[in-house]
Amino acid sequence: MDVLTAENLTKSYGEKVLFSEISFGIDEGDKIGIIGVNGAGKSTLLKILAGVEWPDQGQVTVGNSVRLEYLPQNPDFEDEATVLQQVFKGTSPVMQLLNAYESALEKLTNHPDHPAYQRGLLSLGQKMDAANAWQLESEAKTVLNKLGIHEFDAAVGRLSGGQRKRVALASALINPAEILVLDEPTNHIDNDTVDWLEQYLNKRKGALIMITHDRYFLDRMVTRIMELDQGKLYPYPGNYSRYLELKAGRLEREEASERKWQNRLRNELAWIQRGAQGRSTKQKARIERFKKLQAEKPPEPLGHVEIATGASRLGKKVLAWTHLHKEFSGRGVVIEDFSYSLLRNDRIGIIGPNGSGKSTLLNLLAGRSVPESGCVDWGSTVKIGYFAQENTEMNPDTRVIDYIKEVAEVIPTSDGRTVTAAQMLERFLFVPSSQWTAISKLSGGEKRRLYLLHILMGAPNVLLMDEPTNDLDIQTLTVLEEYLDEFPGAVLAVSHDRYFLDRMAGKIFAFTGTGQIEAYVGNYSDYQAWQLSGQVGPSVEVPSEKAQLKKAELEEEKPERRKERPLKMSYKEQREYEQIEDQIAQTEEELKEIQHEMNEQGSNFSRLQELTIKQQAAEQKLDEMLERWTYLNELAEKIRQGRSCTANISS
């Protein structure tokens, strides 16, 4: 039995058509996931279902006595309201009764001897008994605790953005409703809380329709997938894994249909170009059929996000931090005595409860914050790209293309070519007409995608990513994961997205919430399996202070083995330092020319042998120059700055 029916919904913003004449029904037992690229209209569709916005045409019909509860992506709040008052803002009779009781209790607290307030509270208490509303209040506090909100009397205005989103989620969950509509419910909650939310929603009766990028969540939660793609709605039965299978089949059928259409059009075009000898009814009908074929051109497949930016070369020394200690007033110690040396190809996932210090660690490593003690030492060739949790650096009045050109107008790609800012925007699904749009007119997900491109345009070689999966669509996430597979540098990512952590991480930094950080080898599922089994997984080895001192003593005992670098370059080294970048580029170009000639000489065996020898010699030469480039850069950095731990802390 359908509890909600949507018929022929159409919605546009200016010239952009989000969806056109889409129809579907929601059954009382459905659990539906809506997916699609950022800007496809997913959040707008939920707003229309919730009655917050209206379609340009079509209608939504909700069954009699059916209650709908909606969690928007950016909820509205009353800053002066307490957490509980914000939670109990539903319109159901039970919620109105709870609101009235909380209000009467507050009045009596302020005027304890007022007889009218005493009688009012007594009457409302009896109504609460009859409606079994006490259980609802208890459930609200339980849900808030599970979501990491423990101060029920705290003013909402004093909470962080993530905390307020969790308060809004609690309100949506505990309000009695036959239809629950959730927009990105897993944003701003940690991994353990996502697991709890999964279990809670699976036990809940009633229909559920939601937008989420969490692929494990979709796989374990939903019974139907609805994909918005170029204004159309494609329904798929089953979970996310089943959707991938069915969509692959649909795309294959569409490709076959496209080829068939092209063949038919080609035949008709050939006939038209030959010219009709007369204008018989049969010939006129064929001309009309040609025009109809032109009009019936199937939609072009939606573009896909491409990330092909290059990265700056990274020397042997990357990033090392020793005995980091950080604390905040009111929160206590968040990082205590943490040391680690980052490797060039490290892929580290950072997990832990909200507020445990994960973002703080990234800020320390990026130089945006200073530790109370300990130090961070950056290699001379390190170029950090910091993908923050909030797009705070985006001016809403700036045009999309100008925002990207702030970083670079032309960049090299990993395959040796160059790409303009406009071309990169097209690869990120910003068509030419939208590149001149103000950032304020983009959807939340489009802003995140643009912000990601802004970071990558700087060609970093160390990526620090704070909740990169928030508000990014699944397609962009998939391509980001593929990009990280090939990224020639180190990556540290704070994330609650279990699929993303399994896909990218080779090590896990687990924050305990007490300042201690446990480091493990493996991805998130490996870590979770060790936690559930009660066993200790393989930990990342961090040299102890005693081991470091012992190493220093051994080096002092054998000074003849230590090679002291000069405090200044010789004339020859200085000349080499100035020319080596051009020489490396020239050798790389020689290698490309050799490869090109090898492709053309596929059948000339003797020439191929000569080219292979040349290729091996050029590759060896390039390796030697890269080694020399690394040494000269590190030497130049020591001479120029001599960056020390003391300088880092004092700054």
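A cavity is a set of points, on a 1 Å grid over the protein atoms alone, where a 1.4 Å probe fits but cannot get out; lining residues have an atom within 4 Å of a point. The model is predicted: local features need pLDDT of at least 70, side-chain atom pairs count only at pLDDT 80 or more, and totals for chains, interfaces and linings use all residues. Residues are numbered from 1 along each chain as its sequence is written, and side-chain values use heavy atoms, with hydrogens and water left out.

**Exercise 1.** Find the residues that line the largest cavity, and sort them by class.

Solution. 
- Step 1: The largest cavity is lined by Ile34, Ile35, Gly36, Lys42, Glu184, Ile211, Thr212, His213, Leu472, Asp473 and Ile474.
- Step 2: Count Ala, Val, Leu, Ile, Met, Phe, Trp, Tyr, Cys and Pro as nonpolar, Asp, Glu, Lys and Arg as charged, and the others, Gly among them, as polar.
- Step 3: The lining then has five nonpolar, three polar and three charged residues.

**Exercise 2.** State which residues of H5 meet which residues of H6.

Solution. 
- Step 1: Take contact as heavy atoms within 4.5 Å.
- Step 2: From H5 come Leu136, Glu139, Ala140, Val143 and Leu144; H6 supplies Val167, Ala170, Leu173 and Ile174.
- Step 3: By class, this contact has eight nonpolar, no polar and one charged residues.

**Exercise 3.** Identify the salt-bridge partner of Arg498.

Solution. 
- Step 1: Require a side-chain nitrogen of Lys or Arg within 4 Å of a carboxyl oxygen of Asp or Glu.
- Step 2: Arg498 pairs with Glu198, with the closest N and O atoms 2.9 Å apart.

Notes. Helices (H or I, at least four residues) and strands (E, at least two) are DSSP runs, numbered from the N terminus. On a 1 Å grid over the protein atoms alone, a cavity is a set of points where a 1.4 Å probe fits but cannot get out, and a pocket is an open set with protein on both sides within 12 Å along at least five of seven lines; lining residues have an atom within 4 Å of a point.
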